[in-house]
Amino acid sequence: MSDWHPEFDDDDRPVRTDRRRRMLRVVVLVALAGMLLPLVLSAYGVGHSAADRACAIYATAYHSTASSRVALDLFAEGGPGWLCYAEVGAGDRGVLLGNLGLMPGAPRLIEPGRET
């Protein structure tokens with residue numbers, strides 16, 4: 001089947017060269033990245049601050065003088081998420097307290113002797 005039709009004999013249709021199509025694709029990809037990048041950075045910031053606060057509470061419950069640190073691991077054992085570490089002494093590498101998930105919520109501490 002041919003793309004030629006008699007009603008399209010005049011040359012009023014737009015000329016789309018390969019270079020123009022490539023440029024249009026690049027512009028669309030840059031615009032898409034410009035729209036998605038702020039969303040990704042915002043989600044990262046919110047997740048990091050929530051994990052920081054939750055991990056500080058868990059680290060204090062682990063040891064009264066412990067400091068906390070979080071790290072994002074996309075290939076963690078329990079799935080992707082923020083890993084919470086408690087550091088008790090100077091030079092301590094930290095004790096892994098748990099995986100808080102990608103968007104951590106408020107911590108729920110369980111008292112000894114109580115079941116969940």
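The following dialogue examines how terms are applied to a predicted model.

Modeller: In this predicted model, local features need pLDDT of at least 70 and side-chain atom pairs count only at pLDDT 80 or more, while totals for chains, interfaces and linings use all residues. Residues are numbered from 1 along each chain as its sequence is written, and side-chain values use heavy atoms, with hydrogens and water left out.

Biologist: What makes the link of Cys 55 and Cys 84 a disulfide?

Modeller: A disulfide is a pair of cysteine sulfur atoms within 2.5 Å. The S to S distance between Cys 55 and Cys 84 is 2.0 Å, so the pair meets that definition. The count by this rule comes to one disulfide. With 85° about the S-S bond, the link of Cys 55 and Cys 84 is right-handed.

Biologist: Which parts does the pair tie together?

Modeller: Cys 55 lies in helix H1 and Cys 84 in strand E2 (residues 81-87), so the pair ties together parts that are 29 residues apart in sequence. Helices (H or I, at least four residues) and strands (E, at least two) are DSSP runs, numbered from the N terminus.

Biologist: Which residues make up the largest nonpolar core?

Modeller: Its seven residues are Ala 51, Ala 54, Cys 55, Val 70, Trp 82, Cys 84 and Leu 100. Such a core is a set of buried Ala, Val, Leu, Ile, Met, Phe, Trp, Tyr and Cys residues joined through side-chain atoms within 4.5 Å. H1 gives the most to this core, with three residues.

Biologist: Why is Arg 69 called partly exposed?

Modeller: Buried means under 20% relative accessible area, exposed over 50%, and partly exposed in between (1.4 Å probe, protein chains only). Arg 69 has 31% relative accessibility and therefore counts as partly exposed. Tyr 44, at 44%, is likewise partly exposed, and Tyr 44 is found in helix H1 (residues 18-62).

Biologist: How do you know that Arg 69 and Glu 87 meet in a salt bridge?

Modeller: The definition asks for a side-chain nitrogen of Lys or Arg within 4 Å of a carboxyl oxygen of Asp or Glu. For Arg 69 and Glu 87 the N to O distance is 2.7 Å, so the pair qualifies. This pair links distant parts of the chain, with Arg 69 in strand E1 (residues 67-73) and Glu 87 in strand E2, 18 residues apart.

Biologist: What makes Arg 21 and Asp 18 a salt bridge?

Modeller: Their N to O distance is 3.4 Å, so this pair also meets the definition. Arg 21 and Asp 18 both lie in helix H1, three residues apart, about one turn of the helix.
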